[in-house]
Structures are given as structure tokens and as C-alpha cells.
Amino acid sequence: MTIVRISDTPLDLAAHLSAVDSPRSGAVVTFIGQVRDHDPEAVGPVTMLEYSAHPSAEEVLRGLVSRITPPDTLVAVSHRVGTLQVGDLAMIVCVSSAHRQEAYDTSRTLVEAIKAELPVWKKQHHGDGEHTWVGLS
């Protein structure tokens, strides 16, 4: 089962790992993006994030996976939307392949493409009650 989705419910790491499980794979690379309590550009602590996505976001995500994933490589990827607290998982990318270098390269390329191209924006809430938007051009 392939997982490529935008989700408004908590992400399940075990389900992502199961989706890329294969006897052909000798390497599994997992990236977890989680909400942290700070940002170098924020004044004070970050208390929570609110992610929103364009209606085409899941289609865009499928296109990225299709474009980036080499043959015989499995990918499971999800990005959260909605309100997330510090420590919540915002993104999971699991990649399995026969060799570690291909799994590492695919994971890094996919994560960077998601950050650059996926139409998802976050409203970052700060401890002083202020907020900033990240990802809006």
C-alpha cells in the first residue's frame, strides 16, 4: 500500500514504515518533521503551528513522488494540516530501496522538493501571542 497524502489527523510512523516494507529493500530511510518550540526568526518561543494547504496539495505531492522516486524504490509520505502542538509530527517521509545511497538521496530530494514546491503554508504562533506566516510569497 502506497501512502501519499495530506492529512488532518495525526501521522502514523508505523503505517508509513509498513508501506515501504519489501524483501527487495536493504535500506529504509525515515525523515520525521516535528514541531519545535523555537525558530531563529521568532522572538521568543513557538507555541504551535497551523498548517493550511491548497486543494491541489495532494495532487502536487503525488507528482513530486512520481517525479523523484527511482524505479524499484518505495515511498510513503504524508504532510499534516490543521493545528499542531510542539512535538507533533508535521511530515513523514519513508523511503526504501535496495541500497542506502539511493534511499538517502531520494529522501533528501523529496523533502527539499516538498519544502519548496508543496502548496502548504504555516501560521507560526509565538509565546507573546503574535504570529507569523511561513511559506507565503
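Ala, Val, Leu, Ile, Met, Phe, Trp, Tyr, Cys and Pro count as nonpolar; Asp, Glu, Lys and Arg count as charged; the others, Gly among them, count as polar. The structure here is a predicted model.

Q: How do the residues lining the largest pocket divide into nonpolar, polar and charged?
A: Of this lining, 14 residues are nonpolar, 6 are polar and 5 are charged. Lys115 and Lys122 lie among the residues nearest the pocket centre. Lys is on the charged list, so both belong to the charged group. Tyr51 and Val134 are also among those nearest the centre. Tyr and Val are on the nonpolar list, so these two go there.

Q: What makes up the lining of the largest pocket, and what is its volume?
A: The lining has 25 residues, and the volume is about 640 Å³. The elements giving two or more residues to this lining are β2 (27-34), β3 (46-53), β6 (89-97), α3 (100-117) and β7 (120-126).

Q: Why is Ser22 called buried?
A: The cut-off for buried is under 20% relative accessible area. Ser22 has 17%, so Ser22 counts as buried. Ser22 sits in the loop between α1 (13-19) and β2.

Q: Why is strand β1 (residues 3-7) described as largely enclosed?
A: In β1, 4 of the 5 residues are buried, so the rest of the structure largely encloses this strand.

Q: How do you know that β1 and β4 (residues 74-80) pair?
A: Pairing takes at least two bridges. β1 and β4 share 5, so they pair, and they run parallel. Ile6 has His79 of β4 as its bridge partner.

Q: How do you know that β3 and β7 pair, and in which sense?
A: Again, at least two bridges are needed. β3 and β7 have 7, so they pair, in the antiparallel sense. Tyr51 has Lys122 of β7 as its bridge partner.

Methods:
Residues numbered from 1 in each chain as written. Predicted model: local features only at pLDDT ≥ 70, side-chain atom pairs only at ≥ 80, totals over all residues. Heavy atoms only, no water. 1 Å grid on protein atoms, 1.4 Å probe; cavity = no way out; pocket = protein on both sides within 12 Å on 5 of 7 lines; lining within 4 Å. Points joined across faces, edges and corners; volume = space filled by probe spheres on them. Buried < 20%, exposed > 50% of the residue type's maximum accessible area, 1.4 Å probe, protein only.
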